[in-house]
Amino acid sequence: MQGLGLQSLKKNPALIPLYVCVAAGAIGAVYYMTRLATRNPDVTWNRSSNPEPWQEYKDKQYKFYSPIRDYSKTKSAAPKFEE
């Protein structure tokens with residue numbers, strides 16, 4: 001396919017920024033999907049060791065920054081199923 005090889009890029013260097021932007025977008029999309037799959041409390045990979053993974057996050061702060069309130073000191077409204 002013309003335009004995808006190294007020889008074509010040497011002939012037409014104006015395509016290099018296009019390839020850089022597309023590659024950066026693809027890397028960003030893969031990073032975001034990986035972060036969602038590993039950090040989201042709705043996703044569980046190993047149910048045998050932790051059958052209720054959402055209970056880990058009941059006392060953690062979800063917001064990145066909150067100047068008004070400290071969420072680590074507030075009581076969670078999440079129901080307790082083991083009682």
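Which residues does the UniProt annotation "transmembrane region" cover? According to that unreviewed entry, the annotation covers residues 14-33. In this predicted model, the span of residues 14-33 is 90% helix and 0% strand, and its end C-alpha atoms lie 30 Å apart.

The chain as a whole contains two helices and zero strands. Of its 83 residues, 6% are buried. The accessible surface of the chain amounts to about 7,700 Å², and carbon and sulfur atoms account for 62% of that area.

One part of this surface is a nonpolar patch formed by Tyr31, Tyr32 and Leu36. Together, these three residues present about 340 Å² of accessible area. Leu36 belongs to helix α2, which comprises residues 16-39. Is Leu36 buried, partly exposed or exposed? Its relative accessibility is 33%.

How far apart are the C-alpha atoms of Trp54 and Asn40? They are separated by 9.5 Å, while the two residues stand 14 residues apart along the chain.

Note on methods:
Residues numbered from 1 in each chain as written. Predicted model: local features only at pLDDT ≥ 70, side-chain atom pairs only at ≥ 80, totals over all residues. Heavy atoms only, no water. UniProt positions renumbered as here; feature names shortened; annotations may be inferred. Helix = DSSP H or I, 4+ residues; strand = E, 2+ residues; numbered from the N terminus. Patch = residues over 30% accessible without salt bridge, like charges linked within 9 Å, V, L, I, M, F, W, Y side chains within 5 Å. Areas by Shrake-Rupley, 256 points an atom, 1.4 Å probe, with all protein chains shown as cover. Salt bridge = Lys/Arg side-chain N within 4 Å of Asp/Glu carboxyl O. Buried < 20%, exposed > 50% of the residue type's maximum accessible area, 1.4 Å probe, protein only.
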